Amino acid sequence: MAAVAVVAAAVGTGPVIAAVRSDPSLPDRTAEQLLADVARTWQSGRVPQMSGTIVETASLGLPALPGLSGASGASGATAASLLSGSHQLKIWYAGEDRFRLMLPGEMSETDVVADGGTVWLWDSAANKATRLTAPAASGGRPDGAFPLPSGSASPYATPDQAARQALQAAGTDTAITVGDDVTVAGRAAYQIVLTPKSADSLIKDVRVALDGEKLMPLRVQVYAKGAAEPAFEVGFESLSFTAPAPENFSFTPPPGAKVEQGTAAPPARHRPEAAAEARDRGRVVGSGWDSVLVTSLPAVPAQQQDGKGRGGMDLAALLDGVKSSATPVSGEWGSGRLLRTKVVSILITDDGRLLAGAVTPEALYRVAGVKE
């Protein structure tokens, strides 16, 4: 609903909206019409039955960091590993309570399989199957849509999630146009182009491909200024809007597998500790494309003597790698080290702060100069 409100605000406050340059395969539609279409699609909450493969590709220009190279989850698709290279997510969807997600790894896979009231998380590398139950909402009733478990499945972005985040960032500081029609996973699609107007933004534009028939996001591409290829892309490689075969939702732990019982965490909005977690993650300065995250440098938990955090990420090595790869900088704001990639700038100050955003270093320096 927040994304719908943002889309409505973007239309109402008057960003630059251009007429569509359409291929004859799709009817002409303006950017305003397409934004309204996708808002209605999200508001309805209806997701068509489908099966397909999503590919996420990141080329952010990050240096080789030891803390990332050693991070690998059960499927090899952790939040750290998704920062570079290409990764697949296979999906079968027949309804809110009947779906399957599979993250294939080099020699393993992680699956989330839901079939009615039964939900399984399968980790082939650990040979472990976890039967999940949905948490009860207030009054003891099940809490709506079943939340996906945290861990190796959660870092992966989908076209829908990426499109919502891009449209949430868009506002009056965004030129919204319609590009040429494109073909994604064999389907004709409209293309909305979001171009930040801010000189501080490192992003040239974000291109959201919408299925010409279903009007759902099929692909999102993020282009850095001065780059011909996307720095980040997530989209369907194959897609079929037909009902998946029932056997896709059938799962039985294989002989010898370790079987456990677990409970999926409720959505953050229903957890009392969510506010405290948000504070721990720091604060956001600015809005839209110029947003800057300001937080304290993460500390390696004392109980993790090997220095590793969730997903096997070596936090100590990662911080050391960032510092050694960054360039010493100083100014009226103080001193520290700067790491700049194609679409993200990271500033680590000597007084223990970390600032990051898809903005120029100068924007980070201005924020660093304002102390709480």
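Tutor: Let's start with a term we will need throughout: a residue is buried when its relative accessible area is under 20%, exposed when it is over 50%, and partly exposed in between. R207 has a relative accessible area of 22%, so it counts as partly exposed, while D205, with 8%, is buried. The two form a salt bridge in which the closest N and O atoms are 3.0 Å apart.

Before we zoom in, please keep in mind that this is a predicted model. The mean pLDDT of the chain is 79, and 70% of its residues reach 70 or more. Over residues 69-76 the pLDDT falls below 50, yet this stretch has 24 contacts in the model beyond near neighbours in sequence. Residues 137-155 also have a pLDDT below 50, and for that stretch the model has 37 contacts beyond near neighbours in sequence. As for the chain as a whole, it has 7 helices and 19 strands, and 46% of its 372 residues are buried. Of the contacts between residues at least 6 apart in sequence, 58% join residues at least 24 apart.

The part I would pick is an open sheet of 6 strands, with antiparallel pairing and the order β14-β15-β19-β18-β17-β16. Its edges are β14 (283-285) and β16 (327-331); each has a single partner strand, so one side of each is left without a neighbour in the sheet. On average, neighbouring strands here are turned by 25° against each other, direction ignored. As background, strands of a sheet pair through backbone hydrogen bonds, in either a parallel or an antiparallel manner.

Now follow the pairings across the sheet. Strand β15 (residues 292-296) runs antiparallel to β19 (residues 353-357), and 4 bridges join them. Within that pair, V294 stands opposite L355 of β19. L338 stands opposite L347 of β18, and β17 and β18 form a hairpin with 4 residues between them.

For contrast in setting, here are some places elsewhere in the chain. A search of the whole structure finds 12 salt bridges. One of them joins D115 to R98, with the closest N and O atoms 3.3 Å apart. This pair links distant parts of the chain, since D115 lies in β4 (residues 109-115) and R98 in β3 (residues 98-104), 17 residues apart. D115 has a relative accessible area of 34%, so it is partly exposed, and R98, with 26%, is partly exposed as well.

Another salt bridge is formed by K258 and E260, whose closest N and O atoms are 3.2 Å apart. K258 is exposed, with a relative accessible area of 51%, and E260 is partly exposed, with 28%. Salt bridges that share partners also join R29, D37 and R40 into one network.

Helix α2 is a last stop: it spans residues 31-44, has 14 residues, and reaches 20 Å from its first C-alpha to its last, close to the 20 Å expected at 1.5 Å a residue. Its buried residues include L34, L35, V38 and W42, as well as D37. After the helix comes G45, with a positive phi near 75°.

Definitions and conventions. Residues numbered from 1 in each chain as written. Predicted model: local features only at pLDDT ≥ 70, side-chain atom pairs only at ≥ 80, totals over all residues. Heavy atoms only, no water. pLDDT = per-residue confidence, 0-100. Contact = heavy atoms within 4.5 Å. Pairing = 2+ DSSP bridges. Helix = DSSP H or I, 4+ residues; strand = E, 2+ residues; numbered from the N terminus. Axes fitted to C-alpha atoms, helices over the stretch in contact; angles between N-to-C directions. Salt bridge = Lys/Arg side-chain N within 4 Å of Asp/Glu carboxyl O. Buried < 20%, exposed > 50% of the residue type's maximum accessible area, 1.4 Å probe, protein only. Expected span 1.5 Å × (residues − 1).
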